[in-house]
Amino acid sequence: MLKLVGAMLIVLATTLIGFRVAGAYRDRPRQLRSLIRALTHLQAEVEYQTTPLPVALQNVAARGSPPCSTMFQRVSDHLIKDGMTVSEAFRVSLVRLVGESALQSADCEAIQSVADSLSTMDVTHLQTQFQMALEALRQAESGAREHGLKNARLWQYLGVLTGVILVILLY
């Protein structure tokens, strides 16, 4: 009886690990879409409403979904409370975003390039930066969606099968 319970726990644990890894593959395209929407909102706030950047970032954070909205709120907080430059505030917040989400550091390079130019370029040149960043994020989202469909299922099967193989080897 104890062996059966142990075998079930092994299969359950490896299955959960497999599903957890698969979940990260599924979350990345959703988070990239959220980042695209947030960047589009930021572009509208900067270009058409000429909102001050900390307020614009708070507005973007209020409309977005976590973890991207949290990142924009952190950038705003760093600008207001810590007195960081725009580039530094984005860099620090993007590093935390990568650690807390399924996004990869390459996904955030487009956002960082916009952040680097936010305080140095006028609205006309910013439009080009925003369009380039949005296109890069759309391409990353498309690639992540294809990659996720393939690898999520693989990790689910791998988790279950690893548990079954371990149980067979232990008996």
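**Exercise 1.** In which helix do aspartate 27 and arginine 30 lie, and how many residues apart are they?

*Solution.* In this predicted model, both residues belong to helix H1 (residues 2-47), where they sit 3 residues apart, about one turn of the helix. Their side chains meet in a salt bridge, with N to O at 3.5 Å.

**Exercise 2.** Work out which helices are joined by the salt bridge between glutamate 45 and arginine 63.

*Solution.* The two side chains meet at 3.5 Å, N to O. Glutamate 45 lies in helix H1 and arginine 63 in helix H2 (residues 53-63), so the pair ties together parts that are 18 residues apart in sequence. Because buried means under 20% relative accessible area, glutamate 45 is buried at 2%.

**Exercise 3.** Describe the pairing of arginine 74 with glutamate 100.

*Solution.* The closest N and O atoms of this salt bridge are 2.9 Å apart. Arginine 74 is in helix H3 (residues 68-82) and glutamate 100 in helix H4 (residues 86-100), so that distant parts of the chain, 26 residues apart, are linked. Arginine 74 counts as buried at 14% relative accessibility, whereas glutamate 100, at 47%, counts as partly exposed.

**Exercise 4.** Check the span of helix H6 (residues 123-170) against its number of residues.

*Solution.* At 1.5 Å a residue, the 48 residues should span 70 Å, and the end C-alpha atoms are 65 Å apart, which agrees. Helix H6 also bends by about 30° at glycine 148.

How values were computed: Residues numbered from 1 in each chain as written. Predicted model: local features only at pLDDT ≥ 70, side-chain atom pairs only at ≥ 80, totals over all residues. Heavy atoms only, no water. Helix = DSSP H or I, 4+ residues; strand = E, 2+ residues; numbered from the N terminus. Expected span 1.5 Å × (residues − 1). Bend = angle between axes of the 7 residues up to and from the residue. Salt bridge = Lys/Arg side-chain N within 4 Å of Asp/Glu carboxyl O. Buried < 20%, exposed > 50% of the residue type's maximum accessible area, 1.4 Å probe, protein only.
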